[in-house]
Amino acid sequence: MIKTSLLSGSALLLSALCSSAISATNEHANSSVFFDDFSYQTLGAFYDNGWKARTETGHPGISGASWSAIGLSFPDDITGAEHGAIRMSSVTDGTAANTRHTQICHARKYREGTYAARIFFRDEPTFGPDGDEVIETFYAISPLKAPMDKDYSETDFEYLPNGGWGHPDKPAMWSTTWETFQLEPWTKVNENTRSEGSYAGWRTLVLTVMDNKVRYYVDGELFSEHSENVYPEVAMSMNFNLWFMPKGADGSQGPVDSPELREYQEDIDWVYHRQGVALSTDQVMAEVTSMRDNKQAFIDRVPAHNPPLPSPCGL
């Protein structure tokens, strides 16, 4: 009887563990997840998965400068990116004619949930003189329908290796959550947090938009928390860009005084979104590892907005 009871109990425990594993697998398979490992060989394959490269001129950056896909590449020798990565490269000599910014955008269908990316930031240009106020980013954004539009939404990670936004010279990471703004005259309503110091190298960034709080994490540590006053109200697209700050933009010094061309780069190992759930960095990493172990280089189970929204790749 004792042996029979033990066997019965073991069978029940095994059944429960199997059911739990199946449930976890089904939850992952059925959840609204977006993941891209950026293991592409061509821009065509990249575009086929819903990404766009910005081509329209305009804010932000040096006025009149170009935005294009010329700066996008998929090097296979990036140290620390075993499954591939996308590289953004932007150049300037301080003039609009010789400045090329870079931006990539995914569909406008994201709002509440968890956003994450693993990014390699650089403090110095790959060539040319150092010192430009350059912005290396990961963010989500909606179009601004009108100046001071209250339905505008934007959540930003920005790394400024040479300073900017009125804080010259010192490198700093910024997180900013926007309620709204207008360009002329420049007026902003946001909450921001600045942490001085170098963030060069690989960084894991996690952003959660849930329960009327916007929380930013860098390498698993809480970086900032922003309030319901700036909480996103409308669907946003996911974006990365690399651009040069013009002189005078919100107290900025802009490009260095040199006619020599210089180039800055930002590498992105992967990007992830889980709709409607606030995950920790450890939970995000567990999901990313699981997908990679299962050879899932790209997943898009986040449904389109109903009705589908235009997804411009610009401001």
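This is a predicted model: local features need pLDDT of at least 70, side-chain atom pairs count only at pLDDT 80 or more; totals for chains, interfaces and linings use all residues.
1. Start with the disulfide. A search of the whole structure turns up one, and the partners are Cys105 and Cys313, with sulfur atoms 1.9 Å apart. The link of Cys105 and Cys313 is right-handed, with 70° about the S-S bond. The pair ties together distant parts of the chain: Cys105 belongs to strand β6 (residues 100-110), while Cys313 lies in the segment after β19 (298-300), and the two are 208 residues apart.

2. Are these two cysteines buried or exposed? Cys105 has 2% relative accessibility, so it counts as buried. Cys313 comes out at 9%, so it counts as buried too. The cut-off for buried is under 20% relative accessible area.

3. On to the nonpolar cores. The largest has 43 residues, and those with the most contacts inside it are Phe46, Trp51, Ile104, Tyr115, Phe138, Phe240 and Val271. Strand β17 (residues 236-244) gives the most to this core, with five residues. There is also a second, separate core of eleven residues; Phe35, Val206, Leu279 and Val284 are among them.

4. Strand β7 (residues 113-121) deserves a look of its own. Eight of its nine residues are buried, so β7 is largely enclosed by the rest of the structure.

5. Which strands does β7 pair with? One is strand β14 (residues 201-210), which runs antiparallel to β7 and is joined to it by nine bridges. Here Tyr115 stands opposite Leu207 in β14; Tyr115 is also one of the residues with the most contacts inside the largest core. Another partner is strand β18 (residues 262-275), paired with β7 in the antiparallel sense over eight bridges. In that pairing, Phe120 stands opposite Asp267 in β18.

Terms used
Residues are numbered from 1 along each chain as its sequence is written. Side-chain values use heavy atoms; hydrogens and water are left out. A disulfide is a pair of cysteine sulfur atoms within 2.5 Å. Helices (H or I, at least four residues) and strands (E, at least two) are DSSP runs, numbered from the N terminus. Buried means under 20% relative accessible area, exposed over 50%, partly exposed in between (1.4 Å probe, protein chains only). A nonpolar core is a set of buried Ala, Val, Leu, Ile, Met, Phe, Trp, Tyr and Cys residues joined through side-chain atoms within 4.5 Å. Two strands pair if DSSP finds at least two bridges between them.
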